[in-house]
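Subject: Structure handover

Hello,

Please find the model below. My notes on it follow, sheet first.

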Amino acid sequence: MSRLRLFVVLLLLPGLLPAQILKEFEKKVTEFTLPNGLHFIIAERHEAPVVSFHTYVNAGSVDDPSGATGIAHMFEHMAFKGTESIGTTNWPEERKALDAIEAAYDRLDAEQAKGPRANSAQLSLLSNQLQAAIEKAESYVVPNEYPRIIEENGGVGMNASTGYDATQYFYSLPSNRIELWYLLESQRFLHPVFREFYKERDVVQEENRMRVESSPQGKLIEDFVATAFAAHPYRNPPGGWPSDVANLRVRDAQAFYAKYYAPANIVIAIVGDVNPAEARRLADRYFGPLPKRPAPPLLHTLEPPQPGPKTAVVYSPSQPLLVVGYKRPDERDKDDPVFDIVSEILSGGRTGLLYRSLVQEKQVALEAEAADTFPDGKYPNLFLLFVAPALGHSVEENRKALGEVLDQLRARPVDEQTLHRVKTKARADVIRRLDNNAGIAALLTANYAAYGDWRKLFTSLDDLDKVTAADVQRVARKYFVAPSETIAYTQAPTAPAQENGQAATAAGARQ
Amino acid sequence: MTRFAIALMAAAPLFAQAPKPAVQLPIPTVSELKFPPLKPVQIPSVETVTLPNGMKVFLLEDHELPVIDGIARIRTGNLFDPPDKIGLATITGMTMRTGGTRAKEGDQLDRDLENIAASVESTIDETSGTVSFSALKENTDAVLAAFHDVLTQPGFREDKIELAKNELRGSIARRNDDAHGIAEREFANIVYGRDNPYGWQLEIPTVNRITRADIVAFYQRYFFPANVMLAVWGDFNAADMKAKLTQLFADWSVTQPPVPAFPPVRQAAHPGIYVGVKPDVAQTFFVLGQLGGVLRDKDYAALDVMSDILGGGFRSRLFQRVRTRMGDAYEIEADWGANYDHPGLFRIAGSTKSASTVETIRAIREEVERIRTSEVTDSELNTAKQTVLNSLVFAFDTKSKTLGRLLTYEYFGYPKDFIAQYQKAVAAVTKADVLRVAKERLNPDNFTIVAVGNPKDFAQPLDTLKIPVKDIDLTIPGVPR
């Protein structure tokens with residue numbers, strides 16, 4: 001008991017150390033791995049009778065096969081379509097109807113594959129047959145039964161996301177309904193069904209039109225990333241390329257599931273009013289039947305060294321936007337904490353150098369932000385700078401102003417007060433993130449997946465504490481250099497080429 | 001002791017012990033699951049006190065984390081903007097904090113607060129002003145002092161007023177860059193009418209006219225102790241905090257006449273299809289609807305259930321039809337917009353590829369007609385009610401939510417148990433109620449329909465809907481096209 005008291009007392013002391021925050025939190029955590037490799041992290045918070053669930057699948061759009069980009073995202077959508085018992089009026093008949101769709105689609109594909117020798121009357125017939133098969137299968141569907149059950153049972157925050165590195169599924173329930181989550185979550189990954197696949201493919205295309213094709217920022221970022229990466233699949237948008245998505249097939253989703261949804265590639269966090277022994281018992285019962293499968297293959301493609309600076313121009317009638325990226329190593333590199341500190345120095349709060357210089361002093365920007373990792377962290381990626389120029393101020397002025405801020409970082413070490421400030425903020429941020437179940441669940445899984453231990457959420461603070469002013473200067477000098485730079489900006493279609501010979505960096509321009 | 005034992009087990013990882021092979025129990029179906037009753041929700045007690053200067057204070061201890069937060073709510077709002085200086089309330093809200101205090105420049109305040117990972121922020125929105133603070137417990141006194149100075153002695157320095165105007169001009173210039181934003185904004189402006197505070201918008205000329213004297217006068221009119229409610233929650237002792245706040249605000253005693261009521265919303269229909277042409281998008285962003293109501297309306301629960309069945313989630317009619325069956329949208333939703341004090345907006349919103357614009361609008365109109373002319377099913381009603389009732393526990397899952405709700409009820413003059421009354425009212429809603437309120441309150445002939453996108457790519461022209469079509473002028477005064 002004395003140890004318990006000691007922690008509480010320490011927690012109240014000023015200048016809280018990461019190790020103490022961790023020890024306090026560790027008391028709430030239980031973790032276990034099922035024989036099939038599925039890992040669970042349980043964190044108890046009994047403040048209210050609610051509980052949050054977070055399933056983190058360590059596979060994302062980087063794992064999309066060539067020609068089938070968007071399949072990780074498509075599978076994520078299919079995971080809400082139900083199971084062999086949820087969402088159907090007659091599974092045996094529905095299954096036959098689903099097989100018939102694939103057979104009809106294969107016949108259509110085969111005719112299309114004849115290219116110039118394809119018979120147009122035959123194509124139209126096969127296309128009608130496919131449509132009829134789809135409608136037949138739909139007649140067995142109870143639409144959206146799976147999410148309806150969650151909503152009806154008081155589920156909130158239900159959603160999923162497909163990122164470059166990972167796919168995540170999450171929601172919260174009243175804590176007397178924990179077993180419902182076990183049932184629903186295990187069944188959708190034990191027996192995925194691919195019902196309404198081709199209608200959902202239309203929905204996914206609408207999602208891409210909304211997020212990317214109808215958004216100046218979406219278009220800019222898509223082209224920026226595709227320019228920065230020549231080989232690594234970070235170059236592909238997380239939702240896939242439109243022509244790939246339009247041709248995705250059920251078998252692509254089945255293959256992706258078989259390869260990447262191995263239990264050992266998934267980690268689950270349950271946070272809230274939960275009993276760890278009960279959580280373990282239910283995990284064995286519901287997730288135990290998931291067959292053990294080999295871990296997915298490693299991704300071998302490495303981005304080759306960048307030969308020189310690159311520029312992408314995106315025509316848009318909107319007010320201008322500018323993004324600049326510098327190649328950086330992955331999140332497990334020893335310099336990772338230095339990048340965290342640099343991004344805080346640049347854009348943390350109102351004292352960040354970018355805000356102070358570009359927004360407050362020069363008033364050339366409306367917004368200027370840095371991100372330490374982009375588009376994701378598992379593989380070498382980009383340190384990102386994003387600027388929205390102020391009305392009447394050009395992209396070129398902002399590039400220059402950005403350059404001056406980075407020069408400052410390269411020229412001399414930051415002062416100790418600044419360094420102390422960003423470290424204090426990092427520590428306070430970790431404490432503040434511990435105030436809601438869903439947020440904690442997301443952090444525990446992400447840290448476990450990236451670093452092999454959820455404790456990294458706390459011990460990363462030790463890594464940050466060790467960063468010195470000299471480290472900041474060294475990293476700025478090493479990484480923020482022209483050959484690893486990619487610049488992208490929007491420009492009105494009618495505008496002449498940028499003044500001041502900016503386009504002269506065309507050596508690295510994208511073809 | 002139990003918690004301590006678990007800590008030790010976590011230290012020696014559980015997963016090191018091989019679990020004994022369990023007998024596999026059959027997996028039940030959803031309907032076979034039996035749930036134990038939900039544990040009672042602990043509703044925390046909030047201490048309420050009025051300081052000698054008239055400020056009303058709500059205190060809630062929460063010792064889970066070593067942090068303290070607070071929010072002051074001031075009765076003001078941009079509904080009080082003068083017509084020739086629209087943006088005055090917004091700029092006042094921005095510069096209260098950025099313009100520093102009598103004693104400190106804003107930049108110094110930035111550094112002092114961020115050095116201790118604390119924040120003080122201010123803003124004025126449509127129907128209230130807020131000044132909030134947040135800090136680690138160890139910095140309680142420092143953050144309270146800064147909060148006090150921002151609330152009671154803002155400096156409104158000229159350079160930060162200029163900066164705020166620059167930021168507003170920049171955001172006005174960007175307001176047509178996002179098609180979704182255009183649709184929502186124009187819908188609201190058309191339904192409320194552009195000639196009154198609910199429907200007018202910031203323009204560069206109105207922002208340019210605002211002076212420091214206007215800002216100071218606006219601040220002085222609305223920021224006085226009797227017009228402030230302050231909620232503080234976190235790791236403190238309520239009695240100590242009460243004493244601290246009494247002493248801290250003893251120097252603030254200005255008075256002003258009570259703040260008048262907000263202007264009423266004009267009840268007028270603006271039927272028609274309003275088109276915003278935006279050539280660089282692949283979808284049409286649409287909003288259909290009319291004026292909604294207020295939360296204290298006796299039919300609010302029935303209206304909420306009705307709009308939920310129509311477009312409130314995966315199971316709703318619009319989601320089923322437009323997204324799942326037609327594959328024509330990713331986002332599609334309906335919401336009976338009810339506000340605390342003035343009618344909100346009943347809106348059906350989403351986006352679809354340009355080609356399917358007209359078929360989507362037609363399908364939505366059919367669903368509105370259906371819910372107005374025939375009863376919903378038992379299963380729809382039951383699902384909608386269960387969804388509301390079972391998720392109600394999440395309104396109490398953090399102490400700060402309870403406090404925030406209490407503050408809001410107090411601010412708008414609602415009963416403290418409004419959420420319990422709402423719960424009861426939802427449980428009592430019948431199919432007949434849903435049909436009656438849909439019939440009485442939805443008036444699709446008078447719907448305002450806003451569509452922003454590329455009409456040249458629509459598969460069918462809008463006039464096939466047989467509703468008058470008007471263009472929206474998206475010119476931004478003061479910005480070269």
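Chain B has an open six-stranded sheet with mixed pairing, in the order β1-β2-β6-β3-β5-β4. Strands here are DSSP runs of E with at least two residues, helices are runs of H or I with at least four, and both are numbered from the N terminus. Two strands pair if DSSP finds at least two bridges between them. The edges are β1 (47-50) and β4 (119-124) of chain B, and each pairs on one side only. From one strand to the next the twist averages 15°. Axes are lines fitted to C-alpha atoms, for helices over the stretch in contact, and angles between N-to-C directions run from 0 to 180 degrees.

E121(B) sits opposite S132(B) in β5(B).

Before the rest, the ground rules. This is a predicted model, in which local features need pLDDT of at least 70 and side-chain atom pairs count only at pLDDT 80 or more, while totals for chains, interfaces and linings use all residues. Residues are numbered from 1 along each chain as its sequence is written, and chains are lettered from A and ligands numbered from 1 in the order in which they are written.

Confidence

The model scores ipTM 0.91 and pTM 0.92. pLDDT is the predictor's confidence in each residue, from 0 to 100. Chain B averages 93, and 95% of its residues score at least 70. Residues 1-21 of chain B are the stretch to treat separately: pLDDT stays under 50 there. For that stretch the model has 20 contacts beyond four places in sequence. Two residues are in contact if their C-beta atoms, placed from the backbone, lie within 7 Å.

Chain B overall

Chain B holds 16 helices and 14 strands. Its C-alpha atoms fill a box of roughly 75 × 65 × 45 Å along the principal axes. Of the 481 residues in chain B, 45% are buried. Buried takes 20 or more other C-beta atoms within 10 Å of a residue's own, exposed takes 12 or fewer, and partly exposed is in between, with C-beta atoms placed from the backbone. Among contacts in chain B with a separation of 6 or more, 82% link residues 24 or more positions apart.

Parallel pairing in chain B

Strand β7 (residues 272-277) of chain B pairs with two strands named here. Six bridges tie β7(B) to strand β13 (residues 448-453) of chain B, in parallel. G272(B) faces T448(B) in β13(B) across that pair. Three bridges link β7(B) to strand β14 (residues 469-471) of chain B, again parallel. There, V275(B) stands opposite D471(B).

The loop between β13 and β14 of chain B contains K466(B). K466(B) is not a glycine, yet has a positive phi of about 60°. K466(B) is exposed because 6 other C-beta atoms lie within 10 Å.

Where is A239(B)? In helix α9 (residues 238-248) of chain B. A239(B) counts as exposed, with 10 C-beta neighbours inside 10 Å. A239(B) and T357(B) are 118 residues apart in sequence and 60 Å apart in space, C-alpha to C-alpha.

Chain A

Helix α2 (residues 18-26) and helix α18 (residues 456-465) of chain A pack at about 175°, with axes 9 Å apart. α2(A) and α18(A) are therefore roughly antiparallel. The cut-offs: under 35 degrees is roughly parallel, over 145 roughly antiparallel, 65 to 115 roughly perpendicular, and the rest oblique. P18(A), I21(A), L22(A) and F25(A) in α2(A) meet F458(A), T459(A), L461(A) and D462(A) in α18(A). By class that contact has six nonpolar, one polar and one charged residue. Ala, Val, Leu, Ile, Met, Phe, Trp, Tyr, Cys and Pro count as nonpolar, Asp, Glu, Lys and Arg as charged, and the others, Gly among them, as polar.

Two backbone points to check. A cis peptide bond joins F374(A) and P375(A), with omega about 0°. P375(A) lies in the loop between β9 (365-374) and β10 (381-389) of chain A. Q363(A), not a glycine, has a positive phi of about 55°. Q363(A) is in the loop between α14 (353-361) and β9 of chain A.

Interface

The contact takes 75 residues from chain B and 72 residues from chain A. On the side of chain B, α5(B) gives the most, with seven residues. That side has 38 nonpolar, 19 polar and 18 charged residues.

Best wishes
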